[in-house]
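Please look over the structure shown here together with the report that follows. The report moves from the overall fold to selected side chains.

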Amino acid sequence: MKTKLLLLAVFMALQVNAQLKNVVYMEGKQTLHGFGNAPKKPIKGKPGVLILPAWMGINDHTKEVATKLNELGYYSFVADIYGEGNYPTTPQQAGEKSGYFKNNPELYQKRIKAALDAFASIGVDKDNIVIIGYCFGGTGALEAVRGGMNVKGIVSFHGGLGKDASRPNGPVKPKVLILHGADDPYVPQKDIEQFQKEMRDGKADWQMIYYANAVHAFTEKENGTDNSKGAAYNEKADKRSWAHFLLFLDEIFGGK
């Protein structure tokens, strides 16, 4: 019985992901493979959500998020940051590769911009996009703001908030929503304070919501539920952050 249920779950996951289209695009000489689709019943204005994955790259979670957004009437696209031939297979590799882009934000911004351009190819209104990101991708969402990209808003789920102190704070035009684990050990208080100053200096329309008893990666079920590891799933924080995210989309796009 358990075997049948497992096979059914795998089949359903494949069916969900099969709804997304593999979109091949380029950034410089690097071939990239994103996943996206148009909703069957688009919301007025053809709004869309660009999804930036965590440090291991595109996974089932980000594809499931894209599919759920399609069902709600949004165009969706999961960005490929690393590119063909560069996908990490271990946490150590992921740390090295994500760290490279964090330390070279202008390159990270180029990969995000390339994903935005590819997203436009599936029919989304390029002037009606929100960027969201998970962990490493949450850092990328903020880099989209810092890079002055044409987006309506950004959302960071348990993302890194810091940047090099030598980089000046600039104007912040998109709305900003930070969804943060109150006990996240990977985001130091100094980064939180620096981020909040960046938002104030930029005269941003920003929100930062803390979730009790939540550490890093609280939306990722594969991390287990042991907070002592520093990264763990938290069901309440996952559900609450998704609800806050949908309210944010509704505020920007009107929900219809």
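## Overall fold

The model is predicted, so local features need pLDDT of at least 70 and side-chain atom pairs count only at pLDDT 80 or more, whereas totals for chains, interfaces and linings use all residues. Residues are numbered from 1 along each chain as its sequence is written, and side-chain values use heavy atoms, with hydrogens and water left out.

Taken along the principal axes, the box filled by the C-alpha atoms of the protein chain is roughly 55 × 45 × 40 Å. The protein chain has 7 helices and 8 strands, where helices (H or I, at least four residues) and strands (E, at least two) are DSSP runs numbered from the N terminus. Of the 256 residues, 51% are buried; buried means under 20% relative accessible area, exposed over 50%, and partly exposed in between, with a 1.4 Å probe and protein chains only. Among contacts (heavy atoms within 4.5 Å) between residues at least 6 apart in sequence, 68% join residues at least 24 apart.

The unreviewed UniProt entry carries the annotation "domain: Dienelactone hydrolase" for residues 37-252; such annotations may be inferred rather than shown by experiment. Over residues 37-252 the chain is 38% helix and 16% strand, with the end C-alpha atoms 21 Å apart.

Asp-184 lies in the loop between β7 (175-181) and α6 (189-201). Asp-184 is buried yet has no salt bridge, and the nearest side chain of opposite charge, Lys-102, is 10 Å away; in this count Lys and Arg are positive and Asp and Glu negative, while His and the chain ends are not counted. The side chain of Asp-184 instead reaches the backbone nitrogen of Tyr-186 at 2.8 Å, and a polar contact of 2.8 Å joins the side chains of Asp-184 and His-216. A polar contact is a pair of N or O atoms within 3.5 Å; within protein, one must be able to donate a hydrogen and the other to accept it, and residues adjacent in sequence count only if both atoms are side-chain atoms. Leaving aside residues up to four places away in sequence, Asp-184 touches His-158, Ala-214, Val-215 and His-216.

Helix α5 (residues 136-146) is mostly covered, with 11 of its 11 residues buried, including the charged residues Glu-143 and Arg-146. After α5 comes Gly-148, whose phi is positive, near 65°.

## Salt bridges

A search of the whole structure finds 12 salt bridges, each a side-chain nitrogen of Lys or Arg within 4 Å of a carboxyl oxygen of Asp or Glu. Three of them are listed here.

| Pair | N to O distance |
|---|---|
| Lys-126 and Asp-127 | 3.8 Å |
| Asp-191 and Lys-190 | 3.2 Å |
| Glu-235 and Lys-239 | 3.0 Å |

Lys-126 is exposed at 52% relative accessibility, and Asp-127 is partly exposed at 39%. Asp-191 counts as buried at 16%, whereas Lys-190 is exposed at 59%. Glu-235 and Lys-239 both lie in helix α7 (residues 235-253), 4 residues apart, about one turn of the helix. Salt bridges that share partners also join Glu-143, Arg-146, Lys-163, Arg-167 and Glu-198 into one network.
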